[in-house]
Amino acid sequence: MEYALAQLFMSWGIQPQAMIGHSIGEYVAATIAGVFSLEDALMIVAKRGQLMQQLAPGSMLAIPLAESDVKLLLNADLEIAVINSPSACVVSGTKVAIAALQSQLSSQGIECRLLHTSHAFHSQMMQPIVGEFVEFVQQFSLHPPSISLISNVSGGWMEDAQATSPSYWGEHLRRGVRFSDGISLLIQQFEGVFLEVGPGRSLSGLTTQHLHRDAKQLVLGSLRHVKDQLSDVEFLLQTLGRLWLFGVEVDWSAFAVDEQRHRLPLPSYPFERLKYWIEPKKLEQSTSISLAKKPDIADWFYIPFWKPALPLIQPELPELVSIKACTLVFLDEYGLGMKLVKQLESQNQDTVTVKIGNKFTRSSEYEYTINPQTHHDYDELMQQLISNNNFPQKIVHLWNVTPIVEQELENLELEKAQVTGFYSLLFLAQSLGKQETVKAVQLTVISNNIQSVTGTEVLFPEKATLLGPVKVIPQEYTNINCRSIDVALPSSGSWQEQKLVENLVAELTVNDSEKLIAYRGLNRWVQTFEPVRLDKTQIAKPRLREKGVYVITGGLGGIGLVFARYLARTVQAKLLLIGRSVLPKKDEWEQWLTTHDETDSINRKIRQVQELENLGAEVLVVGADVSNIKQMQSAIAQAEQQFGEINGVIHAAGITEGKSFAAIAQISHSNCEEQFQPKVYGLLVLKKVLHNKQIDFCFLLSSLSSILGGLGHIAYSSANIFMDAFVQQYNQSHPSSWSSISWDGWQLDAAKEHPDSQELGINSAEGITAFQEILNISKFNHLVVSTGDIQARIKQWIQLESLQENPRQPINLSLYVRPELKNKYVAPRNEIEQQIAHIWQEILGIKDIGLYDNFFELGGDSLLIIQVRSKIIKIFNRNLSVAELFEYSTISNLAEYISGKKIEEPIFQQADERAIRKEAAMQEKRQLMKQRRKIDV
């Protein structure tokens, strides 16, 4: 490979001034320089390898120390085989001696690496074959080098006498490789390009280590790294281009000798010189916060923070009388809702109450009972309200105001909380969406003891899942505004309770942009996020232990594997990887790999585990459902029996794709349960199997969707919110604290978590850097990792500020030219189609949007589709859901759906025929133009 690459570069006119090889690479350099013929060199190298294999096995150890320091560690069984840099050597010796040296260095905190070699090369263990090898080389003709060479043996220039002496090549086999001396000599004497010719980048890396900061040399490789995405040819041509840019002369005629060139005419149209310049913001907008990804990872971290807020001032009673509205109240069993109803009725407000029961019952026009588990009851309730002309402008949901009963959270209590919390709000939103109304609805969800504001509350994380619907419902139904108000219940009948009721009525009657509110005593609090820089924090004792035992649930998933590789590489960890996949027995792996190609998922997972083992880890893979207590207990027991006590846990299990990511109108109970299994029920199981285990940390990998929600993320957001709330409650009563980390979307092969994760996503290297900084914190409950400013993203996704129209800011009518699309432009034909096209043009900034254009092919995204929905509701008075807009994503389909009139198939055919006729006419015109040009000539 090295010889062929060198000949390729030389055929392009790139001739070496000098060469250096590393060990067997010196044979390649000598062959290029003419010391050996290619055929002789191949025979010599083959003989060299054959003789080596006859020797006793040995080992080689890479040590990050200077030659002088390494010499102090040697004994009769050890020898320096390679000096790669002033601070990096390789020692060869017997397996026993190398193992003892490695153990000695590890105890001193010196990280050394055992090389994957069969023998102790370049050491005294090669001595028995030197004589036979020299005799073999004597059979061949050796010539003085025609190009200057560096000797590995001396670290200086190779003399003619050395190159032509068989004894020198025997010494080269036996003596250490002084690569550091040789490359340092070249750097001193040459200011050109150092080109590594061969696979990998080892020599490029070593050469770069020898360069000064202001060095004039350029170091290049010939072939891509195995992890690079581009092709070998593309990488090679990039290297050629950089050589040329650096001043190396290239014989371009030789480069193109095997290629056939063609004349490419310039376009016959003029360059339009269209501007795509971002206009500067006006002065009043200059203080706005950017949504872009922050370049410094240290700026990505936030902690939730509750800040005091001024209480809302309720309008005077006469004002309230003139604004009469119907309020639908879902009554709690504690009695707070009934007191709220009385207060509203005293202010001349119509109220309709809903209680929990076994079946749908109408006691009166203003009193209903429904079964919260039956979504049809919610539909019946809405139909009854509409028929009685009582469709609510305000809905107050208090089913999550419950008495404080401290007890261990079990699956049964958790499931009950979902019925009156998460699923109740989901079914309510689905029923509202079916009513085909554009009337604005304010949904206020009142709960108690969900939020940790003061840190002293008794918390009920099982109720926290209701916050997912609070965040996502307004994103998918722009006529529904949601808020959460969490309270601490005062004594029943006390003056404090009366004050709380008055505050809640004020919340219902005064418009306020805050979405998450809490009342503690008489004080009002709102949630915000405080930025923190973790690079300034340090802990006395490192979190990770050398060869520590770590459990990763979802260990064969994308993010789980990233952390597994990090633990394997840094501390040679003993890893228990728990996943849903079941791998074959280890002794069956080779057979599986040979009978299944790389598209097979099991094949990929086996290779990923082998990669971890090659990095120094011991790996145990167990197929288990994290929500199954018996399977998890068995997995933990296997790990403890094989590795010893567990030191840390990373809970990365979760569902990142599938039907559980669906619009509210389409998602089902079973879809939601898919999300809850690993992150909600699985967390309860994890708590039980780790009970009384003294672990250093337990990291729960939550998601930024717990803060931002997201289209189609109602179940995913709620599951992650539960994790964030769970650690708050867990850490109140356990000495070894757990931590929840709400990660931004990762740019891995898995489906993206967030609507805006493509631009703001985290790659693997960035994720590991962030994880290293997180490990420096001794203790925390909930940490948020957002690559963009979190408050700006909350304004965009939770407060939906992009939908708030600013009358002072004129619409930018500077539209860009229609892009190249797979379909021809067909103009809208009626008023509805023209109105839809105008909406798209205004939002996307593109002119000539046609009947069959797809919104998402034109560059639309999730946030823009919300804006489209808002405009359609205002113009057509038609309450389309976000799911429907995703489905009807062309003007023709959307116009058909809005108008209720089906566009007949012949219209499509006519449009195609018109396009064909138009194209034929253009072809005829072009032919006429060609004939005229010929006549002119």
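Predicted model: local features only at pLDDT ≥ 70, side-chain atom pairs only at ≥ 80, totals over all residues.
Reader: Why are helix 20 and helix 22 called roughly parallel?

Author: The axes of helix 20 (residues 558-571) and helix 22 (residues 601-614) cross at roughly 25°. Angles under 35 degrees count as roughly parallel, so the two helices are roughly parallel to each other. Their crossing is right-handed.

Reader: How do you know that helix 20 and helix 22 meet, and which residues do so?

Author: The axes come within 8 Å. Leu-561, Ala-564, Arg-565 and Ala-568 in helix 20 meet Gln-608, Glu-611 and Leu-612 in helix 22, where contact means heavy atoms within 4.5 Å. By class, this contact has four nonpolar, one polar and two charged residues.

Reader: What makes strand 3 and strand 5 edge strands?

Author: The sheet is open, with four strands in the order 3-4-2-5 and antiparallel pairing. Strand 3 (78-85) and strand 5 (113-114) each pair on one side only, and they are the edge strands.

Reader: How do you know that strand 3 and strand 4 pair?

Author: Pairing requires at least two bridges between the strands. Six bridges join strand 3 to strand 4 (residues 88-93), and the two run antiparallel. Ser-85 stands opposite Ala-88 in strand 4.

Reader: What does the chain come to in helices, strands and buried residues?

Author: Its secondary structure comes to 34 helices and 25 strands. Of the 937 residues, 50% count as buried, the cut-off being under 20% relative accessible area. Among contacts between residues at least 6 apart in sequence, 73% join residues at least 24 apart.

Notes. Residues numbered from 1 in each chain as written. Heavy atoms only, no water. Axes fitted to C-alpha atoms, helices over the stretch in contact; angles between N-to-C directions. Parallel < 35°, antiparallel > 145°, perpendicular 65-115°, else oblique. Left-handed = near helix turned anticlockwise from the far one by under 90°. Nonpolar A, V, L, I, M, F, W, Y, C, P; charged D, E, K, R; others polar. Buried < 20%, exposed > 50% of the residue type's maximum accessible area, 1.4 Å probe, protein only.
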